[in-house]
Amino acid sequence: MTTLLIRNATCVATFDDARTEWRDASVFVRENRVEAIGPAAELPQTADDVIDARGHLVVPGLVNTHHHMYQSLTRAIPAVQDAELFSWLRGLYPIWAGLTPEMVHVSTQVAMAELLLSGCTTSSDHLYIYPNGVRLEDSIDAAREIGMRFVATRGSMSVGASQGGLPPDCVVEREDVILKDTQRLIEAHHDASHGAMVNVAVAPCSPFSVSRDLMRESAVLARSFKGRGVRLHTHLAENDHDIAYSLEKFNCTPTEYAQDLGWLGHDVWHAHCVKLDAAGIALFAKTKTGVAHCPCSNMRLASGIAPIRRMLDAGVPVGLGVDGSASNDGAHMVNEARQTLLLARVGRSLEPFGCDHGPAEMTARDALAVATRGGAEVLGRADIGHLAPGMCADLALFDLTTVGFAGGAVHDPVASLLLCASPQAAYTVVNGRVVVREGQLTTLDLGPLVERHNALARLLAAV
């Protein structure tokens with residue numbers, strides 16, 4: 001059995017139930033699980049692989065709960081740089097209609113490389129467009145090759161513009177085809193075991209691109225796999241246009257829509273929820289329905305500021321998502337956590353009745369807990385998100401001796417991760433495997449990958 005020793009770390013922030021933080025500590029890993037954490041002198045001194053972690057902060061691997069990885073091909077497209085959500089989508093749907101299996105495979109690996117290099121070890125991905133022979137396996141195979149823990153969601157769109165939906169008819173699918181393929185994917189790839197590297201979730205895209213029948217049938221399908229932890233995911237209450245569409249088409253709020261269709265519960269998580277009202281927050285808390293908070297995307301598209309502090313205080317499970325790279329233009333999970341911290345603070349000051357609590361109501365450790373434990377809860381994973389014996393060996397190490405931490409890490413190495421400039425990870429470990437070492441990806445040659453990705457991006461935009 002292979003062993004890994006992360007030795008003499010300046011600080012190990014476990015984010016366990018007690019939020020234990022060890023100084024001058026080590027982490028010992030056997031195979032793919034953490035075996036021991038504690039003072040360096042009390043842990044083994046040798047292993048098959050030893051990382052000298054002096055001057056480093058160790059945290060649990062960050063967890064990304066919402067992404068559209070294929071969108072890394074359309075970052076910074078000029079025509080939609082200044083668009084809000086609906087016009088942004090209308091501008092990009094015709095481009096995405098040209099996606100090929102190779103484009104999805106390559107863009108998934110580029111997106112995952114970017115996440116791994118920022119200390120993210122687990123990511124979901126919402127692939128809801130399947131033109132030209134694209135299959136979800138194009139993403140799943142990419143994840144297995146690069147070494148990322150992956151929640152692959154079988155997204156879908158079935159209501160085109162001719163039926164009152166937002167997407168053009170050329171990118172929607174028949175609902176019977178969607179459900180049949182979703183069942184196939186769950187049976188072929190979903191792993192419910194401890195330490196699973198691939199989960200499959202059921203993910204109709206949004207209220208403005210699928211029918212109520214598909215939403216209902218998708219929930220029934222996911223829950224028919226009893227005991228296997230198959231989850232449900234979609235977009236909800238992202239901006240004012242989203243709310244208006246729901247009121248006009250369904251005569252209800254997005255939360256009421258979700259409740260009516262069986263889309264609330266501990267096995268469901270919704271992306272964005274920027275416009276979730278007080279009644280919606282209370283219902284999400286009561287049912288333990290999760291939220292993927294995407295602060296950078298919400299700012300980029302001017303969707304608004306999600307009431308994350310109020311959600312957390314109410315007991316709503318909240319994780320972070322970088323969202324599609326074309327609506328964020330980056331996939332840096334430490335920066336996403338930093339933006340969560342900053343946006344929560346400014347958001348409270350903009351509320352109608354002012355701010356009673358001040359900046360301390362969202363601390364750096366609070367935001368990091370959302371980025372780790374919160375994400376694990378949202379994805380239904382009890383085996384990741386914090387560091388403790390028996391947990392999956394998913395970790396990220398950050399070099400506190402670099403210039404971005406100067407004058408900060410000496411005072412508080414944990415808080416400095418978000419209060420100072422957002423760093424890249426020095427090491428990222430997924431399932432006991434070192435996939436980033438000394439700041440370099442170990443599983444793929446990044447140079448040729450980026451070169452091919454750029455060529456495909458130019459080809460896609462020219463379609």
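Reader: What does the side chain of S72 make a polar contact with?

Author: The side chain of H453, at 3.0 Å. Bear in mind that this is a predicted model.

Reader: Where is S72 found?

Author: S72 sits in the loop that runs between strand 6 (62-64) and helix 1.

Reader: Is S72 buried or exposed there?

Author: Buried. The relative accessible area of S72 is 4%, and the cut-off for buried is under 20%, so S72 qualifies.

Reader: And which residues is S72 in contact with, leaving aside its neighbours within four places in sequence?

Author: S107, V110, S325 and H453. H453 is the residue whose side chain also makes that polar contact with S72.

Reader: OK, switching to T428. Which strand is it in?

Author: T428 is in strand 15, which covers residues 427-430.

Reader: What does the T428 side chain reach?

Author: The backbone oxygen of L116, at 2.8 Å. L116 is also one of the contacts of T428 once neighbours within four places in sequence are left aside, and others include G119, C120, T121 and L395. R433, V434, V435 and V436 are in that list too.

Reader: Buried or exposed, that T428?

Author: T428 has 0% relative accessibility, so it counts as buried.

Reader: Now helix 13. Where is the kink centred?

Author: On V370, and the kink in helix 13 is about 35 degrees.

Reader: How far apart are the end C-alpha atoms of helix 13, and what span should its 15 residues have?

Author: The end C-alpha atoms are 20 Å apart. At 1.5 Å a residue, the 15 residues (364-378) should span 21 Å, so the two agree.

Reader: How many residues of helix 13 are buried?

Author: Twelve of the 15, so helix 13 is largely enclosed by the rest of the structure. V370, where the kink is centred, is among the buried ones, as are A369, A371, G374 and G375.

Reader: What comes just after helix 13?

Author: G380, which takes a positive phi of about 75 degrees.

Reader: Last topic, cavities. How many of 30 Å³ or more?

Author: The count is one. The largest cavity has a volume of about 130 Å³. Of the 16 residues lining it, H68, L85, W88, L89 and H235 are the closest to its centre.

Reader: Which helix gives the most to the lining?

Author: Helix 1 (residues 85-96), with four residues.

Note on methods
Residues numbered from 1 in each chain as written. Predicted model: local features only at pLDDT ≥ 70, side-chain atom pairs only at ≥ 80, totals over all residues. Heavy atoms only, no water. Helix = DSSP H or I, 4+ residues; strand = E, 2+ residues; numbered from the N terminus. Expected span 1.5 Å × (residues − 1). Bend = angle between axes of the 7 residues up to and from the residue. Buried < 20%, exposed > 50% of the residue type's maximum accessible area, 1.4 Å probe, protein only. Polar contact = N/O pair within 3.5 Å; in protein donor to acceptor, adjacent residues only side chain to side chain. Contact = heavy atoms within 4.5 Å. 1 Å grid on protein atoms, 1.4 Å probe; cavity = no way out; pocket = protein on both sides within 12 Å on 5 of 7 lines; lining within 4 Å. Points joined across faces, edges and corners; volume = space filled by probe spheres on them.
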